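The sequence and the model are shown first.

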Amino acid sequence: MMMFLVIILILVLSALLFQAWVSPKAMDAIPGSLGWPLFGETFSFISDFSSPAGIYSFINKRQQRYGKVFKSYALGRFTVFVTGKEAAKILLTGKDGMVSLNLFYTGKQVLGPTSLLQQTGEAHKRLRRLIAEPLSVDGLKKYFQFINTLAIDTLNQWQERTILVLEEASTFTLKVIGNMIMSLEPTSDEQEKFRSNFKVISSSFSSLPLKIPGTAFYRGIKARDRMYAMLDTIISDRRNGKSFQKDFLESLIKKHSKEGSEADHYDDDKLTDKQLKDNILTLLVAGHDTTTAALTWLIKFLEENPTVLERLREEHIEIQSNRESGSSLTWQEVNNMPYTNKVINETLRKATILPWFSRKAAQDFEIDGYKIKKGWSLNLDVVSIHHDPVVFPNPQKFDPSRFDEPIRPFSFLGFGSGQRMCPGINLAKLEISIFIHHLVCKYKWRPLEKDDSVQPTLVRMPKNKYPVIVELL
Ligand code: HEM
């Protein structure tokens, strides 16, 4: 027994010494706790992450204790949490090379080294320009009819049924992106393979970084390899002229891609196959769960706020009634939906789908009087920014009229800001506006249970997937 206690004591002392040795000394000046030796605050982090309120409860408790800036040590990372407009401005628009994105090991491994999310400075700017081009308003015009028809077909199947909105929204957005990127037909076997591989990849992001058979991370890497093999075949068919499609992949291959080794990928504005694959996966990962969550929260918030739903419906019924009978929604109409735009923004504010933006300091700088050192991890808490009562009075209320006037810079970050602002903003808004048009013009829905819990995932989504019963108006 004595021996056992001595061993425990030695282990605890070594852990304390280890933490004192590895924890950055300069962090002493920052309020907060680094928690238990070795584990830090990992257990409370995981427990709050899985709670009904999600990870925000972890941040909120510490902000009340320590203030706007505090430190923590969780999941093997020393991190400083910051919030507020000034911190957002510094982190999001700081001059090139001041911060970089801070992906977890699993994300880095799955997405690959040439992903946009792993580039900084000039390399990031160049890659972003190439990728953002087909996602511009003009670039998206050619996908309008596909998205419109898919929205109508999807909703036809909802009629008089009980459905899980999150699952349905996920299938819809994946079919859109699968078709846009590589012309996958919505009901093809290829689409099904693409969907099942993507789901495995997606769930490997918040897994433990153990690359051994049977783990979620291992399965994610294998699914990524299968997805890349599929892309290899498609890219080689396109290069050999065996097939031609007017899609995202084709525009990147034609304008910007080169056959060649990975070694020379940085020497001009062309993309290698490796860059093409890493960045197609990046768009899927960054664009899928976010758009799915936004569409689901929006449908939920509308049902909970009948006056907003009524006003939105008026906008869409008016668009519909000004149209010749028998004709469907047009590109011009979808680009002129002012109230819908405000409803989308208010959804992104209230739900704050990405609750924090993660960065790594690439040099020393200061935030709110605290010295931040090169190499430290920083998390910008966006939930607090979106619920600041000075900018958004009565912040829990769902009120799209908040967006009647322009919002002060860095107070609304639904699509981020600065160099890393979302390049998929036009696509996301297009998908949501088309879908909502057909939904509110023809259907009504009611939830089967009341539950505001969020899923323990990086993107905030309703835990119960929002079950509803749908009927014709
Ligand atoms: C409603 C849906 C969406 C929301 C709420 C959203 C939100 C965001 C936010 C907040 C950021 C910035 C994150 C940061 O600064 O750390 C971001 C970046 C990004 N988003 Fe979106 N996004 C959405 C849809 C999409 C779509 C449809 C795509 C592509 C098809 C996409 C691709 C990306 C990419 C690639 C980045 C990283 C940009 C970079 O690092 O330069 N997103 N998104």
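The model is predicted. One of its sheets is open and has five strands in the order β1-β2-β8-β5-β3, with mixed pairing. At its edges stand β1 (70-74) and β3 (99-101), each of which pairs on one side only. From one strand to the next, the twist averages 35°.

Strands of a sheet pair through backbone hydrogen bonds, and the pairing may be parallel or antiparallel. Both senses occur here. β1 and β2 are antiparallel and share five bridges, whereas β2 and β8 are parallel and share four bridges. Further along the order, β5 (residues 356-361) and β8 (residues 377-381) run antiparallel and are joined by five bridges.

| Strand pair | Sense | Bridges |
|---|---|---|
| β1 and β2 | antiparallel | five bridges |
| β2 and β8 | parallel | four bridges |
| β5 and β8 | antiparallel | five bridges |
| β4 and β10 | antiparallel | three bridges |

S72 has T79 of β2 as its bridge partner. V82 stands opposite L380 in β8. On β8, D381 is the bridge partner of W356, and L378 stands opposite R359.

β1 and β2 also form a hairpin with two residues between the strands, in which L75 takes a positive phi near 50°.

Is β1 buried or exposed? Five of the five residues of β1 are buried, so this strand is largely enclosed by the rest of the structure. In a regular strand the side chains alternate between the two faces of the sheet. In β1 both faces are covered: F70, S72 and A74 are buried on one side, and K71 and Y73 are buried on the other. β1 is thus an edge strand that pairs on one side only, yet both of its faces are covered. β8 is mostly covered, with four of its five residues buried.

## The three-strand sheet

A second open sheet consists of three strands in the order β4-β10-β9, with antiparallel pairing. β4 (162-164) and β9 (443-447) are the edge strands; each has a single partner strand, so one side of each is left without a neighbour in the sheet. The twist averages 40° from one strand to the next. β4 pairs with β10 (residues 467-472) over three bridges in the antiparallel sense. Within this pairing, P467 in β10 is the bridge partner of L164.

## Packing of α13 on α16

How are helices α13 and α16 oriented to each other? Helix α13 (residues 273-304) packs with helix α16 (residues 338-351) at an angle of about 100°, and their axes are 9 Å apart. Angles of 65 to 115 degrees count as roughly perpendicular. The two helices, α13 and α16, are therefore roughly perpendicular to each other.

The α13 side of this contact consists of A294, W297, L298 and F301, which meet V343, I344, T347, L348, K350 and A351 in α16. By class, the contact of α13 with α16 comprises eight nonpolar residues, one polar residue and one charged residue.

## Two individual residues

Leaving aside residues up to four places away in sequence, C422 touches F415 and G416.

E366 lies in strand β6 (residues 365-367). With 9 C-beta neighbours inside 10 Å, E366 counts as exposed. Residues up to four places away in sequence again being set aside, E366 touches K371 and I372. How far apart are E366 and A87 in sequence and in space? E366 and A87 are separated by 279 residues in sequence, and their C-alpha atoms are 9.4 Å apart.

Definitions and conventions
Residues numbered from 1 in each chain as written. Predicted model: local features only at pLDDT ≥ 70, side-chain atom pairs only at ≥ 80, totals over all residues. Pairing = 2+ DSSP bridges. Axes fitted to C-alpha atoms, helices over the stretch in contact; angles between N-to-C directions. Contact = placed C-beta atoms within 7 Å. Parallel < 35°, antiparallel > 145°, perpendicular 65-115°, else oblique. Nonpolar A, V, L, I, M, F, W, Y, C, P; charged D, E, K, R; others polar. Buried ≥ 20, exposed ≤ 12 C-beta atoms within 10 Å, placed from the backbone.
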